[in-house]
Amino acid sequence: MRAVRYHDHGSADVLQVDEVDRPTPERDEVLVEIRAASVNRVDVMFRAGQYGDLPLPTIPGGDGAGLVAEVGADVEEFEPGDSVFISGMDRATGGTFAEYAAVPVAKIAHLPDDVAWTVGAAIGNVGATAWTALEELAGIQAGDRVLIHGGSGGVGHIAVQIAAHSGAEVIATAGTEAARSQLRDLGATAALDYNSDSLAEEILAATDGAGVETILDHRLEEYLDLDLEVVTEGGQIISTMGHIPETNGRPFYNKEVTIQPLKMDNWPDRRPVLDRLARLLEQDAVTAVVAETYAFENTDALTRRSSLAALSGNSS
Ligand SMILES: NC(=O)c1ccc[n+]([C@@H]2O[C@H](COP(=O)([O-])OP(=O)(O)OC[C@H]3O[C@@H](n4cnc5c(N)ncnc54)[C@H](OP(=O)(O)O)[C@@H]3O)[C@@H](O)[C@H]2O)c1
């Protein structure tokens with residue numbers, strides 16, 4: 001089969017299409033004929049050698065979507081011909097940027113009818129992160145006010161939709177007017193420019209001065225002071241990236257604010273969250289906005305894109 005691989009870490013030009021053996025599924029795995037795979041920021045960090053060593057050469061890609069071609073001896077939930085989507089593949093054992101991938105059953109779920117392969121491929125990691133942050137950790141409720149930094153990103157735009165679907169009031173930030181307009185279409189009550197000098201005031205104004213109960217933050221070092229200004233008493237900050245900065249002298253005690261780090265590597269069983277995302281896709285409550293797609297051979301185009309880029313596999 002053909003697979004995109006890299007033999008050394010580096011920029012996108014280390015990616016090449018190789019002929020490799022088709023994997024054989026283990027007892028608890030299914031073999032998936034990959035129709036689309038997505039490019040997440042973490043794939044790029046691994047490729048660049050910024051996120052730990054991998055055995056080389058390696059097939060990248062944590063997420064994808066396709067058709068079940070074969071099932072391992074212990075697999076009961078899937079059968080050949082099922083449409084599935086994948087998230088959280090172990091990068092040390094081979095990824096989704098290939099014509100076939102052997103996928104543990106804990107990393108897949110059924111993809112609802114009429115959902116595009118590219119959407120199925122793009123939603124896994126970012127959707128799992130957004131769901132785990134907002135529903136599992138923050139436990140957002142209808143009527144809550146939620147601030148989502150970087151709402152235009154892969155995680156952010158799914159988080160906006162999940163929070164809006166839960167009945168929360170969503171304030172999101174983005175760098176361009178086009179992205180802010182799209183965020184309003186996806187359910188944000190207010191979409192603000194993260195470059196604004198008066199961002200904190202604008203967030204407070206958007207909530208009639210009340211502030212927000214929950215914040216999803218991917219740049220904590222940069223935003224902690226702003227977060228503490230706009231969060232309500234007893235509020236919470238879910239942090240997906242960055243060290244937790246020095247807290248001395250900051251008003252944690254006054255407001256009794258909680259900071260909760262989230263690392264998806266600690267949530268290896270993706271099936272429950274993928275099943276939740278499948279229901280949301282089925283209800284048209286959530287979608288992944290795919291910015292660009294690339295043909296399988298066009299690996300040199302896979303520079304650092306947002307999570308919304310997808311690599312289309314056998315369909316091209
Ligand atoms: N902890 C975990 O397990 C986990 C899981 C998934 C992701 N992550 C991390 O979460 C972050 C987001 O991931 P992603 O896949 O959504 O990345 P992404 O698609 O590249 O999105 C990045 C977002 O950051 C925004 N941004 C850029 N500069 C900013 C600034 N100065 N202030 C505020 N926002 C800014 C971008 O806005 P514009 O595009 O509008 O400029 C965009 O919305 C990444 O750092 C990723 O590594 C962590």
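Leu137 is partly exposed in this predicted model, with a relative accessible area of 24%. Once sequence neighbours within four places are set aside, the contacts of Leu137 are Thr132, Gln236, Ile238, Gln260, Pro261, Leu262 and Trp267.

Helix H2, which spans residues 117-137, meets helix H8, residues 271-282, with the two axes coming within 9 Å and crossing at roughly 115 degrees. H2 is therefore roughly perpendicular to H8, and the crossing of the two helices is right-handed. On the H2 side, the contact is built from Val119, Ile123, Gly124, Gly127, Ala128, Trp131 and Thr132. H8 contributes Val273, Leu274, Arg276, Leu277, Leu280 and Leu281. Sorted by class, the residues of this contact comprise 9 nonpolar, 3 polar and 1 charged.

A further partner of H2 is helix H3. Here the axes are 8 Å apart and the packing angle is about 50 degrees, which means that H2 is oblique to H3. The crossing of H2 with H3 is right-handed. H2 supplies Ile123, Val126, Gly127, Thr129, Ala130, Trp131, Leu134 and Glu135 to the contact, while H3 supplies Gly154, Val155, Ile158, Ala159, Ile162 and Ala163. By class, the contact between H2 and H3 has 10 nonpolar, 3 polar and 1 charged residues. Comparing the residue lists shows that Ile123, Gly127 and Trp131 of H2 take part in the contact with H8 and also in the contact with H3.

Attention now turns to a strand residue. Glu233 lies in strand E12, residues 231-239, and counts as exposed because its relative accessibility is 67%. Apart from neighbours within four places in sequence, Glu233 is in contact with Asn254 and Lys255. The C-alpha atoms of Glu233 and Val257 are separated by 6.6 Å, although the two residues are 24 apart along the chain.

Some backbone details in the loops also deserve a look. The peptide bond from Leu56 to Pro57 is cis, with omega near -5 degrees, and Pro57 is found in the loop between helix H1 (41-47) and strand E4 (64-71). Asp114 is not a glycine, but has a positive phi of about 70 degrees. Asp114 sits in the loop that runs between strand E7 (108-110) and H2, and its relative accessibility of 83% places it in the exposed class. Asp208, likewise not a glycine, has a positive phi of about 50 degrees. The loop holding Asp208 lies between helix H5 (199-206) and strand E11 (212-217). With a relative accessibility of 77%, Asp208 counts as exposed.

How values were computed:
Residues are numbered from 1 along each chain as its sequence is written. This is a predicted model: local features need pLDDT of at least 70, side-chain atom pairs count only at pLDDT 80 or more; totals for chains, interfaces and linings use all residues. Side-chain values use heavy atoms; hydrogens and water are left out. Axes are lines fitted to C-alpha atoms, for helices over the stretch in contact, and angles run from 0 to 180 degrees between N-to-C directions. Helices (H or I, at least four residues) and strands (E, at least two) are DSSP runs, numbered from the N terminus. Angles under 35 degrees count as roughly parallel, over 145 as roughly antiparallel, 65 to 115 as roughly perpendicular and the rest as oblique. A crossing is left-handed if the near helix is turned anticlockwise from the far one by less than a right angle, and right-handed if clockwise. Contact means heavy atoms within 4.5 Å. Ala, Val, Leu, Ile, Met, Phe, Trp, Tyr, Cys and Pro count as nonpolar, Asp, Glu, Lys and Arg as charged, and the others, Gly among them, as polar. Buried means under 20% relative accessible area, exposed over 50%, partly exposed in between (1.4 Å probe, protein chains only).
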